[in-house]
Amino acid sequence: MNDSAGFVAHARWVIPVEPAGRVLDHHAVVVRDGRILAVLPSAQAREQFADRVQVELPRHALIPGLVNAHTHAAMTLLRGLADDLPLMPWLQQHIWPAEQRFVGPQFVRDGSALAVAEMLQAGVTCFSDMYFFGEETAQVAAAAGMRAVVGLIAIDFPSAYAADADDYLRKGIALHDAWHGHALIRTAFAPHAPYTVSDEPLRRIATLAEELDLPLHIHLHETAHEVAQSEARYGVRPLERLAQLGLLSPRLIGVHATQLLAGEIASLAAEGASIVHCPESNMKLASGTCPLPALLAAGVNVAIGTDGAASNNDLDLLGELKTAGLLAKLGSADAAAAPAPALLHMATLGGARALGLDEEIGSLVPGKAADMVALDLSAPHCQPVHDPVSQLIYAAGREAVTDVWVAGRRLLHERRLTTLDAAAIVAKAAEWGERIGAADHDHSSG
């Protein structure tokens, strides 16, 4: 069945995300040419669009596609390689040596394919990536029919991908030019972090981002050590340094942000910058806690991300939302902090807004792309349904995802991937696992 030509999806509940807090009982989303034509009561849609293919989702909630606003997709191949270690030993003794040895186009292609398969099965329709060989990630996402914002990575140090900051930027601009105007693939500047990118490249990136109208995706205030290091080296905290270099603007997407002062939160709000909260990665690496309730109270746009599978260890955005909500309540001693609708907003419209895509995706409203996810709430652990939004956040989990559409094309049909060969992807990942594991063992014991 070619969904993209036009269909009507009837759901028990349609949760459009806009307007906030609305749940539509027994409604339908009418799709034509990959876009949402109308959101109507089911009975009316059946009458008005009787000639269209009718997709029945009688036990399901239909929501906008989830946006994973911070990933290192290819790092799925490093999942579980070195767990339960602090950030620096984890990086220096395991992750960086493995990357140095193995990262290349094929590694990124196979790791990205594994990530795309996992994310689609979890209801993620768009991801914002930061990794080497972004050309490969773009290719994999586009071939699968998934939406991606591919990071134009910049870092001062040489890697298998580029020799120095100039080389990264040159390759980044070429990547941007190659994909410019593509229906599903966008780009964003992705300087790795304030402590790995020096002033001159950051200044150039600020200028180029303005010229090319691109977002700026950067790890920011991830650990107390990073902030102390910046103060010692530059005399200011990282956010202040970015502001001085011209990077604090509505383009800025600051990831992690576990160390924020009240004045910094106010600056982020005033400048219209976005923060990506990655609670599980921050908890696992003991990096700190992003002050989610304070950010939301100040009106800062907050998105949510999984980070890479090496430090999470999954790409389950619904799981991330539950963690974010519980952590906010515990940390603020306020059970009303970060309610379920606010959390769902972070994973949909908040993510879309951070990436500059909120005109295109993030809510089920006429005119937007038909990026949609159906979740079956009929399982025992989802019953009874007093409030479908609460159920999605606190009870359902990614196993409830049955169907996923991007731009009206069904990429997951009754839990089966339609554009990817899951068995082949898993077999390749297992081969990489053996090679990487053997090398890590040699390195660690050497």
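User: Axes are lines fitted to C-alpha atoms, and angles run from 0 to 180 degrees between N-to-C directions. With that convention applied to this predicted model, at what angle do helix α12 and helix α14 pack, and how far apart are their axes?

Analyst: Helix α12, residues 317-332, packs against helix α14, residues 388-396, at an angle of about 95°, and the axes are 8 Å apart.

User: What makes α12 roughly perpendicular to α14?

Analyst: Angles from 65 to 115 degrees count as roughly perpendicular. The angle of about 95° between the two helices falls in that range, so α12 is roughly perpendicular to α14.

User: Which residues make the contact between α12 and α14?

Analyst: Contact requires heavy atoms within 4.5 Å. On the α12 side the contact is made by Leu318, Leu321, Lys322, Leu326 and Lys329, and on the α14 side by Leu392, Ile393 and Tyr394.

User: How do the residues of this contact divide by class?

Analyst: There are 6 nonpolar, no polar and 2 charged residues in the contact of α12 with α14. Leu, Ile and Tyr count as nonpolar and Lys as charged, so Lys322 and Lys329 of α12 belong to the charged class.

User: How do you know that strand β14 and strand β15 pair, and in which sense do they run?

Analyst: Pairing requires at least two bridges between two strands. β14 (residues 401-406) and β15 (residues 409-413) are joined by 3 bridges and run antiparallel, so they pass the criterion. Val404 stands opposite Leu412 in β15. Their hairpin has 2 residues between the strands, and Ala407 takes a positive phi near 50° there.

User: How many bridges join β15 to β16?

Analyst: β15 and β16 (residues 416-417) pair in the antiparallel sense over 2 bridges; the threshold is at least two, so they count as paired. Leu412 stands opposite Leu417 in β16. In the hairpin of β15 and β16, with 2 residues between the strands, Glu414 takes a positive phi near 50°.

User: What joins β4 to β13?

Analyst: β4 (residues 53-64) and β13 (residues 372-376) run antiparallel and are joined by 5 bridges. Pro64 stands opposite Met372 in β13.

User: In what order do the strands of the open sheet follow one another, and which strands stand at its edges?

Analyst: The 8 strands follow the order β3-β2-β1-β4-β13-β14-β15-β16, with mixed pairing. β3 (35-41) and β16 stand at the edges because each has a single partner strand, which leaves one side of each without a neighbour in the sheet.

User: What is the volume of the largest pocket, and which residues lie nearest its centre?

Analyst: The volume is about 960 Å³. The lining holds 41 residues, of which Leu91, Trp96, Glu99, Ile155 and His192 lie nearest the centre. Two or more lining residues come from each of α2 (87-102) and α7 (224-234), and α2 gives the largest share, 9 residues. By class, this lining has 23 nonpolar, 14 polar and 4 charged residues.

User: Which residues lie closest to the centre of the second largest pocket?

Analyst: That pocket holds about 440 Å³ of space. It is lined by 24 residues, and Arg186, Asp213, Leu214, Pro215 and Leu355 are the closest to its centre. The elements that give two or more residues to the lining are α5 (165-179), β8 (185-191) and α13 (340-354). β8 gives the most, with 3 residues. The classes here are 11 nonpolar, 9 polar and 4 charged residues.

How values were computed:
Residues are numbered from 1 along each chain as its sequence is written. This is a predicted model: local features need pLDDT of at least 70, side-chain atom pairs count only at pLDDT 80 or more; totals for chains, interfaces and linings use all residues. Side-chain values use heavy atoms; hydrogens and water are left out. Helices (H or I, at least four residues) and strands (E, at least two) are DSSP runs, numbered from the N terminus. Angles under 35 degrees count as roughly parallel, over 145 as roughly antiparallel, 65 to 115 as roughly perpendicular and the rest as oblique. On a 1 Å grid over the protein atoms alone, a cavity is a set of points where a 1.4 Å probe fits but cannot get out, and a pocket is an open set with protein on both sides within 12 Å along at least five of seven lines; lining residues have an atom within 4 Å of a point. Grid points are joined across faces, edges and corners, and a volume is the space filled by probe spheres set on the points.
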